[in-house]
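Colleague: I am new to this structure and would like to learn how to read it. Could you take me through some features one at a time?

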Amino acid sequence: MLNSAIRLSVPRVPIRPVNPVTEDVCSGSLRSVIESQIIPRLLEAHPRPGAANAQHFKLAYQPLQAEIAAFAELCVSRGSDEVLEFIEKLLLDHVDNDSIFLNLIAPAARHLGLMWESERADFSQVTMGLLRMHQITHRIGYEYQSGPQKAGVSKRVMLASAPGSQHILGLAMVSEFFRKDGWQVVIEVAGTPSQLCHAARNEWFDLVGLSVGVTEQLDHLADLISDLKRQSRNPNIPVLLGGPVFSAFDLSAESLGADGISTDAIEGVQLASLLVGT
């Protein structure tokens, strides 16, 4: 799993960085997250007990590269209902879930990375495509296998955007600072508060880091933090906040029920370590 840490600050960057050096770093970071975090996370999904799926059918589903590209484009450009409809047609044709994940979703996720690198999609489009793929795993009766159930030697953090926006690029960029500090991170690409709480409940984390990118997310942020703390497997989980909103507004962590706020990645690493007592 990718060694990293929480997203503490997401600068308001243009869709495509202008500086060639920055562009290489951003592209490499996003590609690293897709290959090392998002794809394995998708493929760790397994059917929930009693879930309706086609797991007993083992047809050799081998989509062509053009079909994989078309599915990736579908995830980027269409709504979640249309993407799910596409998957349900495969299930009706008795294509098994393993084939869908291994032979369609994983290659399509990699294709999204290529779309980013070739400037055929911006980071928000890539994020939306990955979110659609994430949603599929839940909607067809899959969930992620549980990770560690108790504290271990390595510091673990769940890194996510507050529901209402997704910033995979920002997560990837800031994570580089925490990788060097020895953190292990799970980047949770979840679209709803319930999915975030389920992730916090499903495995042990020493810290939750939430990025807040737009002011509308503030309306429900305190409730989200309260639910995360209440449902987390770690009963004393600290929550650290970051993102552009906290550069624009003077807000206290205490007023939101959080344990800290940082808009600087380097300071955030130090604060994260203090919050978990290391």
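Colleague: Which elements do the buried residues of helix 8 pack against?

Modeller: This is a predicted model. In it, the buried residues of helix 8 pack against strand 3 (156-161), strand 5 (207-211) and strand 6 (239-242). They also pack against helix 7 (193-202), helix 9 (245-248) and helix 10 (253-256).

Colleague: Which residues of helix 8 are buried?

Modeller: Helix 8 covers residues 221-231, and its buried residues are L221, L224, I225 and L228. Viewed down the helix axis, these fall within an arc of 95°, so they line one face of helix 8. The face turned away from that buried side carries D223 and R230, which are exposed.

Colleague: How do I read the packing of two helices?

Modeller: Two packed helices are described by the angle between their axes and the distance between the axes. For helix 7 and helix 8 the angle is about 25°, and the axes are 8 Å apart. Angles under 35 degrees count as roughly parallel, and helix 7 and helix 8 are therefore roughly parallel to each other. The crossing of helix 7 past helix 8 is right-handed.

Colleague: Which residues of helix 7 and helix 8 meet?

Modeller: From helix 7 they are P193, L196, C197, A200 and R201; from helix 8 they are L224, D227, L228 and Q231. L224 and L228 are also among the buried residues of helix 8.

Colleague: How many bridges join strand 5 to strand 6?

Modeller: Four bridges join these parallel strands, and S211 stands opposite G242 in strand 6.

Colleague: And how do I read the side chains along a strand?

Modeller: In a regular strand the side chains alternate between the two faces of the sheet. In strand 6, V239 and L241 point one way, while L240 and G242 point the other way. All of these are buried.

Note on methods. Residues numbered from 1 in each chain as written. Predicted model: local features only at pLDDT ≥ 70, side-chain atom pairs only at ≥ 80, totals over all residues. Heavy atoms only, no water. Buried < 20%, exposed > 50% of the residue type's maximum accessible area, 1.4 Å probe, protein only. Helix = DSSP H or I, 4+ residues; strand = E, 2+ residues; numbered from the N terminus. Arc of directions from axis to C-beta. Contact = heavy atoms within 4.5 Å. Axes fitted to C-alpha atoms, helices over the stretch in contact; angles between N-to-C directions. Parallel < 35°, antiparallel > 145°, perpendicular 65-115°, else oblique. Left-handed = near helix turned anticlockwise from the far one by under 90°. Pairing = 2+ DSSP bridges.
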